[in-house]
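Here is a short tour for someone meeting this structure for the first time. Have a look at the sequence and the fold, and then read on.

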Amino acid sequence: MQQKPILLIDDDQSLAELLSEYLATENIKIEACHDGLSGLQKARNQDYSLILLDVMMPGLTGFEVLQALGGQHHTPIIMLTAKGDEADRVLGLTLGADDYLPKPFNPAELLARIQAIFRRIDIVAHQKAQQPVSCNQVTLTPATRQVDYLGKHIELTGTEFEMLHLLMQQPNQVVSKEALSENVLNRPLAKFDRGIDMHISNIRRKLQLHGKEDCINTVRGIGYIFNSGNSES
C-alpha cells in the first residue's frame with residue numbers, strides 16, 4: 001500500500017516526533033515544518049494527502065497560512081490549536097479548514113479524524129470514477145465496462161479498459177508508465193517491462209480498426225497522453 005504523505009506545520013518539535021512515530025504505523029508519513037512561512041511554501045509546491053496546521057506559530061500564524069492559500073488549495077486541512085475557543089474554530093473553518101482539533105489531543109482521535117477525511121475522499125473519487133467519460137468522440141462507461149467511438153462498440157480486455165479510463169480521466173496530460181503500472185496492474189513498474197507498451201498498442205489497434213486514429217500520443221521514456229482533440233490544447 002502506498003504511503004500517504006501528510007504535511008505538519010507546527011512549531012512543537014516534540015509533537016512532530018510523536019505523531020511521526022504514531023502515524024507511521026498506519027502507513028502515513030509526516031513531513032514537518034516548524035514555522036508558518038516554510039509550511040506555506042511546502043503546501044504550495046508539493047502534493048500532500050492532508051495538512052495538519054497549528055494556529056500559533058512564529059512567522060505566519062495558521063490563520064495567515066490559510067488566508068495565503070486562499071481557495072487555490074484542494075488538500076484537506078485539519079487545524080491544531082491550544083485554544084479551544086469557539087471563535088477560533090469558526091474562523092478556521094471559514095478560511096477553508098476541513099476540521100479542527102484543540103490541543104492537547106489524543107493521537108488516536110487525530111488518526112480517526114484523518115481516516116474519516118480519507119474515507120470521504122475515497123468515496124468521492126469512486127463516485128467520480130463511475131461517471132461516463134467522453135473525449136475526442138470516444139465514450140467510456142465504467143458501469144457497463146463499455147467503450148464506444150461514434151456509436152461503434154470497441155471490445156477491450158479488463159486491463160485495456162482500465163488503462164484507457166486512466167488516460168481519458170486526464171486528457172492532454174502525461175500519464176506515466178509508473179502510474180499505469182501501479183494503478184492498473186497493482187505493481188511497481190519493473191525495469192525493461194514492456195507490458196504497458198503492449199497494452200497501449202492493443203488499445204490503439206482496436207480504436208484504429210473502428211476508424212479512430214491518433215488519440216493516444218507517446219511521450220518517449222515517460223508515458224502516454226490521451227489527446228482531447230481540441231485544437232487549442
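Helices (H or I, at least four residues) and strands (E, at least two) are DSSP runs numbered from the N terminus.

A word on the ground rules: this is a predicted model, where local features need pLDDT of at least 70 and side-chain atom pairs count only at pLDDT 80 or more, while totals for chains, interfaces and linings use all residues. Residues are numbered from 1 along each chain as its sequence is written, and side-chain values use heavy atoms, with hydrogens and water left out.

Strand 11 is joined to strand 12 (residues 223-226) by four bridges, and T218 stands opposite Y224.

Y224 belongs to strand 12, and its side chain makes a polar contact with that of D197 at 2.4 Å. A polar contact is a pair of N or O atoms within 3.5 Å; within protein, one must be able to donate a hydrogen and the other to accept it, and residues adjacent in sequence count only if both atoms are side-chain atoms.

| Residue | Relative accessible area |
|---|---|
| Y224 | 4% |
| C33 | 6% |
| C135 | 11% |

What about disulfides, meaning pairs of cysteine sulfur atoms within 2.5 Å? The whole structure has zero of them. For C135, the nearest cysteine sulfur is that of C215, 8.8 Å away.

Last comes helix 5, residues 107-129. Its 23 residues reach 32 Å from first C-alpha to last, close to the expected 33 Å, which is 1.5 Å times one less than the number of residues. N106 caps the N-terminal end, with a side-chain oxygen 2.8 Å from the backbone nitrogen of A108. Among the buried residues of helix 5 are L110, I114 and F118. The buried residues of this helix pack against several elements, including helix 1 (13-24) and strand 4 (77-81).

Definitions and conventions
Pairing = 2+ DSSP bridges. Disulfide = S-S within 2.5 Å. Buried < 20%, exposed > 50% of the residue type's maximum accessible area, 1.4 Å probe, protein only. Contact = heavy atoms within 4.5 Å.
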